[in-house]
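Please read it alongside the model.

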Amino acid sequence: MLQTIINAFKVKEIRKKVYMMLLLLLVFRIGCFIPVPGLTRSTFESAVSGNDFLTLMSSITGGALAQGTLFALGIGPYINASIIMQLLSVGIPALERLSKQGEEGRKKISQITRYVTILLAVIQSIGIIVSFANSSGAIQTSLFFNETWVAGVFMTLVYTAGALIVMWLGERITDYGVGNGQSMIIFVGIIATAGQMILAKFEVLFGGDVDVVWELLAFALVSVVIFFAIVYVDLSERKVPVQYAKQIKGRKMYGGQSSNIPIKISGGGVMPLIFSFSILSFPQMLASMFWPDSDFAIWWTNWMSASATGWGSVVYSLVLCLLIFAFSFFYAQMQFNPEDVSKSIQQNGGFIQGIRPGKATENYLKKISNRITLFGAIYLSLVAFIPSLAFAWASMDLVNVFSTTGILIVVSCSIEFEKQLQAQMMMKNYKGFLK
């Protein structure tokens, strides 16, 4: 990957795109430090740290959520809106037709996604501010706000505007930079959070605590091993060979070549994990908002949360694994539809050797996809717990930084960025050859 980056910087056009991407990411990081008036930061931070789901969201935003700054919501509302639109495109025929109308259809879906982002940003702002911050006394009256509710309305507008700015930055990175802008913003947020935690450890080290050295060295070693294992599995795929028949049209012969269909072991990427953690964390978040001392809140914390102990942790692990399996198969079906692939192969005069075209090919591809998805779901289930077990001896802040979701996001974004750089360089080489 380092060699790919070095080669990319030798090309002027790609170098400009990388600089533009870095400039926009710098604007994002500056917004993560802009304070919002009417907020007590320390109280807001303690309220956010008491919820596992919000702690994960804070790490994705580079700590902006815990600090209550302008970009506290980060890219979260836009990502959630995109996921909702993907799910609705499968169930609503009108959206499904739009998704198949090419560039115009994608533009309309993107515009609808922006409207859904605004709605989700408002809802998330109200939920976080009213339920967490106000209950903890984090919203304060001041010279500008005579009433607490006025301060809350102002902060809701500010956080919604911040989420829309981040959405705009992500789209500009996609248009003028390298790679997917939303993924790069999440990547930078996680890396920034990790950097802050590691710098805090070095401050403790310079303060005279020598034991931190061994903790940092062991932490670095375990991180390298886990990253290597995840990259090794994430890049693996099953290639199904496809042979295309020769066709003679006039005096020319077409086809006759062989190709393959790559099926990744983790087609849904990190999404099954994010959905599973979100579903299990959302009831706990609602209970802590409105019924903190209710029997339901106590039961959910003891049996269905990451902080559960004893048999509760076993039940939580089993439910989490079941959700990961369910979402893995769901996303695999969205990413790879055997029926559509079978029709495409047949229409282009292709066939899988030893398999009849049509329904037999569809069943064969479905069988392979289900087997690979099964191993992918097992892999995600193991990854969901291995980092926590591997870092169980480390301090809690390091465990939060390199959580399962954080590691998978960092790995996926790094691989995607390298592929985008290679694609840009390949396009440049083709242009030079044509000239």
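1. Arg172 and Asp175 are three residues apart in helix 9, so about one helical turn separates them. Their side chains meet in a salt bridge, 2.7 Å from N to O; the term means a side-chain nitrogen of Lys or Arg within 4 Å of a carboxyl oxygen of Asp or Glu. Helices here are DSSP runs (H or I, at least four residues), numbered from the N terminus. Asp175 is partly exposed, at 48% relative accessibility; buried means under 20% relative accessible area, exposed over 50%, and partly exposed in between (1.4 Å probe, protein chains only).

2. The model is predicted: local features need pLDDT of at least 70, side-chain atom pairs count only at pLDDT 80 or more, and totals for chains, interfaces and linings use all residues. Residues are numbered from 1 along each chain as its sequence is written, and side-chain values use heavy atoms, with hydrogens and water left out.

3. How many salt bridges does a search of the whole structure find? The search finds four. One of them joins Arg114 and Glu171, with the closest N and O atoms 3.0 Å apart. Arg114 is in helix 8 (residues 102–133) and Glu171 in helix 9 (residues 148–176), so this pair ties together parts 57 residues apart in sequence.

4. Is Glu171 buried or exposed? Glu171 is buried, with a relative accessible area of 11%, whereas Arg114 is partly exposed at 26%.

5. In helix 15 (residues 338–347), Glu339 and Lys343 lie four residues apart, about one turn of the helix. Their side chains form a salt bridge of 3.5 Å, N to O. Glu339 is partly exposed, with a relative accessible area of 35%, and Lys343 is also partly exposed, at 44%.

How values were computed: Helix = DSSP H or I, 4+ residues; strand = E, 2+ residues; numbered from the N terminus.
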